[in-house]
Amino acid sequence: MRRISGALLLAMAVLALALGLAAPASAERVQIDVDGDGVVDTVTAQAVGDYGVGVSVELSGSGGASSEQQFENAFVYEPWLWRVRDVDGRAGAELFVHTGHISTNETVTVLSVVDGRLVRSGRLIMNGGLGDYYAMGFRCRAVRGGPGIVAYDFARQSPGHWKRRARSYSWKDGRLVRVGPARHSVVRHPPLRERELGC
Ligand SMILES: [Ca+2]
């Protein structure tokens, strides 16, 4: 009898999968203060539509007020929350979310809570591999004496000869603001720390 019910359960599971009735994709959930009031909040990322991601925050200290950002047709899958860390100099964590995938790079959107609402602080791209002769990434670091992000991209001209571009952003009221002109140089090899999520 046990063997029969086991076989029956397996057949039902296979049928459910075939009919697309599998359990929905799981959500990612992080408990961390995002609005800077010192109370832990809930961050949830989950699939939206076929290939998108939605990120919501539930703010514990504000009577459970919630705020959300959605990214449709992003062609991204779990994990969506690539980094959760306070980097902008205001209390409360920033969220680095995988919001786009194309053949040449990944898009990372930085979200932050401003005045109780989840806002898009900035958008950055990454491609750590060198095989296609292009690479890019970014680092959280001081810009003009305050917290900021420097984004790098590289294009190979010939073996051992890569064009490097660095663009700087400062944090201002929860948003990334471009500062100064791009800096251009030539390097023999793009360093790994400048073609990854360095925050
Ligand atoms: Ca912060």
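**View 1. Order of elements along the chain.** From the N terminus on, the elements of the chain run α-β-β-β-β-β-β-β-β-β-β-β-β-β, and in this predicted model the secondary structure comes to 1 helix and 13 strands. Buried residues make up 29% of the 199 residues in the chain. Among contacts with a separation of 6 or more, 41% are accounted for by residues 24 or more positions apart.

**View 2. The largest nonpolar core.** This core has 33 residues, and those with the most contacts inside it are Val-53, Val-55, Leu-95 and Val-97. The elements that give two or more residues to this core include strand E2 (41-48), strand E3 (52-59), strand E6 (94-101) and strand E7 (106-114), and strand E8 (117-126), strand E9 (134-143), strand E10 (146-158) and strand E11 (161-172) are also among them. In soluble globular proteins, nonpolar side chains tend to be buried together.

**View 3. The surroundings of Val-55.** When residues up to four places away in sequence are not counted, Val-55 touches Val-43, Ala-45, Leu-95, Val-97, Leu-111 and Leu-118, together with Glu-68 and Gln-69. Of these partners, Leu-95 and Val-97 are, like Val-55 itself, among the residues with the most contacts inside the largest nonpolar core.

**View 4. The open sheet of 5 strands.** The strands of this sheet have the order E12-E11-E10-E9-E13, and their pairing is mixed. Strand E12 (175-187) and strand E13 (197-198) are the edge strands, each of which pairs on one side only.

**View 5. The pairing of E11 with E12.** These strands pair in the antiparallel sense over 10 bridges, and Trp-171 stands opposite Leu-176 in E12.

How values were computed
Residues are numbered from 1 along each chain as its sequence is written. This is a predicted model: local features need pLDDT of at least 70, side-chain atom pairs count only at pLDDT 80 or more; totals for chains, interfaces and linings use all residues. A nonpolar core is a set of buried Ala, Val, Leu, Ile, Met, Phe, Trp, Tyr and Cys residues joined through C-beta atoms within 7 Å. A residue is buried if 20 or more other C-beta atoms lie within 10 Å of its own, exposed if 12 or fewer, and partly exposed in between; C-beta atoms are placed from the backbone. Helices (H or I, at least four residues) and strands (E, at least two) are DSSP runs, numbered from the N terminus. Two residues are in contact if their C-beta atoms, placed from the backbone, lie within 7 Å. Two strands pair if DSSP finds at least two bridges between them.
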